[in-house]
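Please look through the structure below before reading my notes, which are set out as numbered points.

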Amino acid sequence: MSASIADRMNGLAPTLRHRVIVGTVGLALFFDMFEIFMSGVLGAVLTSRFDLSRTQTSAVLASVFVGMFIGVLVTGRLADRYGRRRVMLGAIAVYTVFSAVGAVSPDVSMVIGARFLAGLGIGPVLPLADSYLSDLLPARHRGRYTAWAYTIGFMGVPAVGLLARWVVPLSPLGLDGWRWLFLIGSAGGLVVLALRRTLVESPRWLASVGRMDEAEATLRQLGDTSGAGTGPTAGPAAGSADHGGAGRGRAPTTREALRALMRSPVYRRRVGMMTVFHLMQAFGGYGFGTMAPLVLSAKGYSIVHSLLFSAVTFLGYPLGSLLSLPLIERVERKYLIVGAALSMAASGLLFGSADGEVTIVLAGLCYTAVSNVFSNSYHVYQAEIFPTALRVTAVSWTYSLSRITTAAMPFLLVPVLDDFGSGVLFALVAVTLGIIALDIGLLGPATTGRALEDVNESLADARPDAGADPHTPESKNSDGPIPVK
């Protein structure tokens, strides 16, 4: 990528256009979170309404996450080839359609199918948003503005809990209350699609595929008044023939992308670190939101009371996101992830062993609040540690593992809950969070306040014997062409 594009983007002060983009992405995240956390509500409600077996309950919970796994894998490469904005809007359109299908499903089998197909669109939105905002935002403001987008997004979690508490016992207009949850999620997707013109394509991505004129035009929309760069750095750096690149305007194929990532010891280490992270984080993050209604039912609370407790404890998600705002640019993000993971382990153990209502609510609030310091930190972090040309690919490949783990989670955790109780369930969750703390603490590079070009080495310069230390600044030419052999 042209160094002038990166330097000029990092030098921008956030403008109204930046804020509008963050708000629109936040709204997309709101309805994405609404759809994801609907799974826990559906598991509890449909189990009661249709007298589901353990296997059927697990299938309801898992179906959306299997779809998310496949969707993330497919769209990661598409976004690096065809652009972040276009693919993100396409993903939102997919879940908008199939959430509406879920609302009219006549039986549990069709609900499971609709949730799987909706998951194809739900899954990619978070990694796409992470990479898109990381591309667009200036280095000194990247964490805070991304955290604001997720603060808006995580309002969707208590929203689904509160709406479920209100509409599930009712049948507005003769339609079962749980079906209205699907319709609301689908309507939200339509709203985001209507706002699509507020979103611009990433200038970093445009430059990485040689579309320099469009990159310059988009920079001007974001408030840059310096004009095009001059000298050798102003030309199309991505894919030029003299660098052995893929050719002007052509992004690398999947095979070229994988070879480029695996050639570098820096990126091999980071891919390995994020692989371990995402295999574990589903249990600590989505595990609580998905299992909490079932845990409360197992403690003897009615469906209505368990939905009320879930709604109250889910308020911790946006509260925790707000808590992350003053921290995310002041404290190194890798240490925020470590500290939050250990705090989640402690409050989860308390939630699992608690019997009194006050203790349950306080422990749940604490868990969800801290989990969003954790979530906001890692969503910013995972997009910072990979280069522009392969950012969505790398984030999606590793993030997809959390979706398949989350899909398997009900089949693992529901039997544990039934056979051993909530104390053992959250002890297992605490172990996964401890592994995360060690993984990121020992292997993660520092990123807070640093330009993406300092955090990442050049793919063009990556060699098997490079041996770069991921904890120190690397090549400034971070987003150069990917050589094609």
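1. A salt bridge is a side-chain nitrogen of Lys or Arg within 4 Å of a carboxyl oxygen of Asp or Glu. The model is a predicted one, in which local features need pLDDT of at least 70 and side-chain atom pairs count only at pLDDT 80 or more, while totals for chains, interfaces and linings use all residues. Residues are numbered from 1 along each chain as its sequence is written, and side-chain values use heavy atoms, with hydrogens and water left out.

2. Among the 12 salt bridges of the structure is the one between Glu329 and Arg333, whose closest N and O atoms are 3.4 Å apart. Glu329 counts as partly exposed because its relative accessibility is 22%, where partly exposed lies between buried (under 20% relative accessible area) and exposed (over 50%), with a 1.4 Å probe and protein chains only. Arg333, at a relative accessible area of 0%, is buried.

3. Arg333 also meets Glu384 in a salt bridge, at 2.6 Å from N to O. Because Glu384 lies in helix α17 (residues 357-384) and Arg333 in helix α16 (residues 333-353), the pair ties together parts that are 51 residues apart in sequence; helices here are DSSP runs (H or I, at least four residues), numbered from the N terminus.

4. Asp80 and Arg77 form a salt bridge with closest N and O atoms 3.7 Å apart, and both are buried. The two residues lie in helix α3 (residues 54-82), 3 residues apart, which is about one turn of the helix.
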